[in-house]
Amino acid sequence: MIKLLERPLSATSLKMLLRDPIRFVWRYGLGWKAPEDADEPLTLDPNAFGTFVHAVLRDAVEQLEGDGGLAGADQARVEAALSDARERAVALWENVQPVPPDVIWRSTTARGHALAATVLAYGLEPLPKQKTWCEIPFGKADPKDNGRDLPWSLGAPVEIPGTGLLIEGQIDRLDLAGDGSRARVIDYKTGKIGKKMEEVVIKGGAELQRCLYAFAVKTLLGGGIAIEASLLYPNAPEGDQALFPLADLDGALAKVSSAAVASRNALLAGMAPPGEDAASDYNDHAFALPANAGYLPRKLPVALTALGPAAAVWEQP
């Protein structure tokens, strides 16, 4: 377990540690993975669809940044960049992995294009002399990112304060003012908006990106920078709130740090029961749990007691 916790954690793996310790051990300690999808999928699952949209956005933004910048681009330039990016993403996807039947595939890629267009059309006030990056990594060095004009060193470590835990990841979008005084971190959500999102801070440990990514930017660019961190839901119904800023970064980070320490200590003490997310429809390790409808209702109260302070995060807003 010590070696496992010495590795950098992503927002996804930290969420799993906080909300379902046994799955964290299975996935990252033992390397267990859910069975692969069929060789010929009928649709793209939500994660794959999100990956496609992010690929289109990164390509389009890099084009625009190389031609005067996203902040000053008019609608025609943005649409041209998105069309080019979509064509390249489609070609790359078809070359490296199976795709759904043609009619479904064309409809899916058109929907991804439309969603990316909604993202770039969202009315964010440009920062002074703004520069923008999409899919910007931190805490890890990947050869595929060599040569990119990034604002920090890829291998620079980022540690959650007071935890001894390192984090890594990819920020969906970073806007940086020309003088380095202000930064805006955006995490895109291609799914549906949850309830009372305006009240969410870390959502019981399930919503960590805004906090962790803003902290990474603060660490890598210096403490004097003013940082905005938000979730953006491009699928929001017209007229509804789509952008959800994090009001108190330091407060959110304190919650995450406290929860991470408690979960780390529980794991090192041998406590790795099923957690809050074990009963989720998205638990891709559910096949490893006993096939008994009464198992989790019986075990979760016991897990709550066993984890003690480590389970307190589940009640955080």
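The structure holds 17 salt bridges, a salt bridge being a side-chain nitrogen of Lys or Arg within 4 Å of a carboxyl oxygen of Asp or Glu. The model is predicted, so local features need pLDDT of at least 70 and side-chain atom pairs count only at pLDDT 80 or more, while totals for chains, interfaces and linings use all residues. Residues are numbered from 1 along each chain as its sequence is written, and side-chain values use heavy atoms, with hydrogens and water left out.

**Charged pairs**

Select Lys 3 and Glu 6. Their side chains meet in a salt bridge, 3.9 Å from N to O. Both residues belong to helix α1 (residues 2-6) and sit three residues apart, about one turn of the helix. Helices (H or I, at least four residues) and strands (E, at least two) are DSSP runs, numbered from the N terminus. Lys 3 counts as exposed at 64% relative accessibility, whereas Glu 6 is partly exposed at 48%. Here buried means under 20% relative accessible area, exposed over 50%, and partly exposed in between (1.4 Å probe, protein chains only).

Next select Asp 102 and Arg 106. The closest N and O atoms of this salt bridge are 2.8 Å apart. Both residues lie in helix α6 (residues 102-121), four residues apart, about one turn of the helix. An α-helix has 3.6 residues a turn, so residues three or four places apart point the same way. Asp 102 is partly exposed, with a relative accessible area of 48%, and Arg 106 is partly exposed at 47%.

Move to Lys 131 and Asp 149, a salt bridge with its closest N and O atoms 3.8 Å apart. Lys 131 is in strand β1 (residues 131-138) and Asp 149 in the loop between β1 and β2 (169-176), so this pair ties together parts that are 18 residues apart in sequence. Lys 131 is partly exposed at 28%; Asp 149 is exposed at 55%.

To finish with charges, select Asp 20, Arg 23 and Asp 284, which are linked in a network of salt bridges.

**Helix α2**

Select residues 11-19, which make up helix α2. How many of the nine residues of α2 are buried? Seven are, so the helix is largely enclosed by the rest of the structure. The buried residues are Ala 11, Ser 13, Leu 14, Met 16, Leu 17, Leu 18 and Arg 19.

**The cavity**

Rolling a probe the size of a water molecule over the atoms shows where empty space is left. On a 1 Å grid over the protein atoms alone, a cavity is a set of points where a 1.4 Å probe fits but cannot get out; lining residues have an atom within 4 Å of a point. Grid points are joined across faces, edges and corners, and a volume is the space filled by probe spheres set on the points. The count comes to one cavity of 30 Å³ or more, and the largest cavity has a volume of about 40 Å³.

Select its lining: Leu 17, Leu 18, Pro 21, Ser 263, Ala 266, Leu 267, Met 271, Leu 307 and Ala 310. The elements giving two or more residues to this lining are α2 and α8, and α8 provides the largest share, three residues. Colour the lining by residue class to see eight nonpolar, one polar and no charged residues. In this scheme Ala, Val, Leu, Ile, Met, Phe, Trp, Tyr, Cys and Pro count as nonpolar, Asp, Glu, Lys and Arg as charged, and the others, Gly among them, as polar.

**Aromatic rings**

There are seven aromatic pairs. Select Phe 24 and Tyr 28: their ring centres are 5.5 Å apart and their planes at 40 degrees, so the pair is tilted. Rings of Phe, Tyr and Trp (its six-membered ring) pair if their centres lie within 6.5 Å; planes under 30 degrees apart count as stacked, over 60 as edge-to-face and the rest as tilted. Both residues lie in helix α3, four residues apart. Phe 24 is buried at 0% relative accessibility, while Tyr 28 is partly exposed at 24%.

Then select Phe 138 and Tyr 213, an edge-to-face pair with 5.8 Å centre to centre and 75 degrees between the planes. This pair links distant parts of the chain, with Phe 138 in strand β1 and Tyr 213 in helix α7, 75 residues apart. Phe 138 is buried at 1%, and Tyr 213 is buried at 8%.

Technical notes: 1 Å grid on protein atoms, 1.4 Å probe; cavity = no way out; pocket = protein on both sides within 12 Å on 5 of 7 lines; lining within 4 Å.
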